[in-house]
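Subject: The model we talked about, with notes

Hi there,

Here is the structure I promised to pass on to you. Could you open it beside this email while you read?

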Amino acid sequence: MTDSFSGKIKEKLIEAKQKWAENGRLLTGQADHAHENRLPPGQREVKDWPVLDLGITPHVGTDDFRLTIDGAVENPVTLDFGQLLDLPPFMAKNDIHCVTSWSRYDNHWQGVSALSLADLVRPTSDARHVLFTAHDGYTTNVRIDQFIDDDVLLAHHWEDAPLTEEHGGPVRVIIPKLYFWKSAKWVKQITFSKTDKPGFWEVRGYHNNADPWTEERYG
């Protein structure tokens, strides 16, 4: 696939999703503040795991993998894949919810918890946000409390197998409480920040907070 053809696909994907934001696609107006239902408003359960990206799949092998964690931290680091595996292992089971309306229950992950990463780099007292950068140029952002949570991790395995490239391998972010666009694929940099910086979809009409149960799809 040529770069120009990939670029056209990317432009069409972006245009379509911006239209969704403009038109309020999938909004039901029925927030579930108490999480009475397992399935958030406007979602449907799927058994497969749909592949969604910007039309570009970076090829990052475990030998080439590097993760930089920097910004408002006392101990900035750059980890290779082996060093990431040396951190305390973490296993989790959770549901995931995509803004395009699908949800998948009971996903089993292996990786490193956000709590362990925070212990390693020690965010400063004035850090308020966390910014993610991926190998395909994608960016997104969350509040620090949304990242340093007991169910958040950097995953390198899904269902007891290495995370595949199409799903963000070798390492991706998993933030299950938020719409899945916040769980950046192919992550290469995590920056703790004193100030917020909306990411790729956030500056294109999508909500900065992304809570599925209150239908924070669009800004």
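This is a predicted model: local features need pLDDT of at least 70, side-chain atom pairs count only at pLDDT 80 or more; totals for chains, interfaces and linings use all residues.

Residues are numbered from 1 along each chain as its sequence is written, and side-chain values use heavy atoms, with hydrogens and water left out.

Salt bridges

The structure has 10 salt bridges, each defined as a side-chain nitrogen of Lys or Arg within 4 Å of a carboxyl oxygen of Asp or Glu. One of them joins Asp95 and Arg38, with N to O at 2.8 Å. The two partners are 57 residues apart: Asp95 belongs to strand 4 (residues 90–97), and Arg38 to the loop between helix 1 (3–23) and strand 1 (44–45). Helices (H or I, at least four residues) and strands (E, at least two) are DSSP runs, numbered from the N terminus. Asp95 counts as buried at 15% relative accessibility, whereas Arg38 is partly exposed at 40%. Here buried means under 20% relative accessible area, exposed means over 50%, and partly exposed is in between (1.4 Å probe, protein chains only).

A salt bridge also forms between Arg122 and Glu74, whose closest N and O atoms are 3.0 Å apart. This pair links distant parts of the chain, 48 residues apart: Arg122 sits in the loop between helix 3 (114–121) and strand 6 (129–134), and Glu74 in the loop between strand 2 (66–71) and strand 3 (77–80). Arg122 is partly exposed, with a relative accessible area of 40%, while Glu74 is exposed at 53%.

Asp149 and Lys177 meet in a salt bridge too, at 3.0 Å from N to O. Asp149 is in the loop between helix 4 (144–147) and strand 8 (153–158) and Lys177 in the loop between strand 10 (172–174) and strand 11 (187–193), so parts 28 residues apart in sequence are tied together. Lys177 is partly exposed, at 40% relative accessible area. Shared partners also join Arg38, Asp95 and Asp106 into one network of salt bridges.

Aromatic rings

There are 11 aromatic pairs in the whole structure. Rings of Phe, Tyr and Trp (its six-membered ring) pair if their centres lie within 6.5 Å; planes under 30 degrees apart count as stacked, over 60 as edge-to-face and the rest as tilted. Tyr138 and Phe200 make a tilted pair, with ring centres 6.0 Å apart and planes at 40 degrees. Tyr138 lies in the loop between strand 6 and strand 7 (139–143), and Phe200 in the segment after strand 11, so this pair ties together parts that are 62 residues apart in sequence. Both Tyr138 and Phe200 are buried.

Phe147 and Phe192 pair edge-to-face, at 6.1 Å centre to centre and 65 degrees between the planes. Phe147 is in helix 4 and Phe192 in strand 11, 45 residues apart; Phe147 and Phe192 are buried. One aromatic cluster is made up of Tyr138, Tyr179, Trp181, Phe200, Trp201, Tyr206 and Tyr218.

Two arginines sit over rings: Arg25 over the face of Trp20, 4.0 Å from the ring centre, and Arg38 over Tyr105, with its charged end 4.0 Å from the centre. The criterion is NZ of Lys or CZ of Arg within 6 Å of the ring centre and within 35 degrees of the ring normal.

The cavity

How much space lies in the largest cavity? About 340 Å³. A cavity is a set of points, on a 1 Å grid over the protein atoms alone, where a 1.4 Å probe fits but cannot get out; lining residues have an atom within 4 Å of a point. The volume is the space filled by probe spheres set on the points, with grid points joined across faces, edges and corners. Its lining has 23 residues, with Leu52, Asp53, Phe180, Trp181 and Lys185 nearest the centre.

Backbone geometry

Most residues other than glycine have a negative phi, and most peptide bonds are trans. Gly169 and Pro170 are joined by a cis peptide bond, with omega about 15 degrees. Trp186, not a glycine, has a positive phi of about 45 degrees, and Trp186 is buried at 2% relative accessible area. Glu215 also has a positive phi, near 55 degrees, and counts as buried at 9%.

Happy reading!

Terms used. On a 1 Å grid over the protein atoms alone, a cavity is a set of points where a 1.4 Å probe fits but cannot get out, and a pocket is an open set with protein on both sides within 12 Å along at least five of seven lines; lining residues have an atom within 4 Å of a point.
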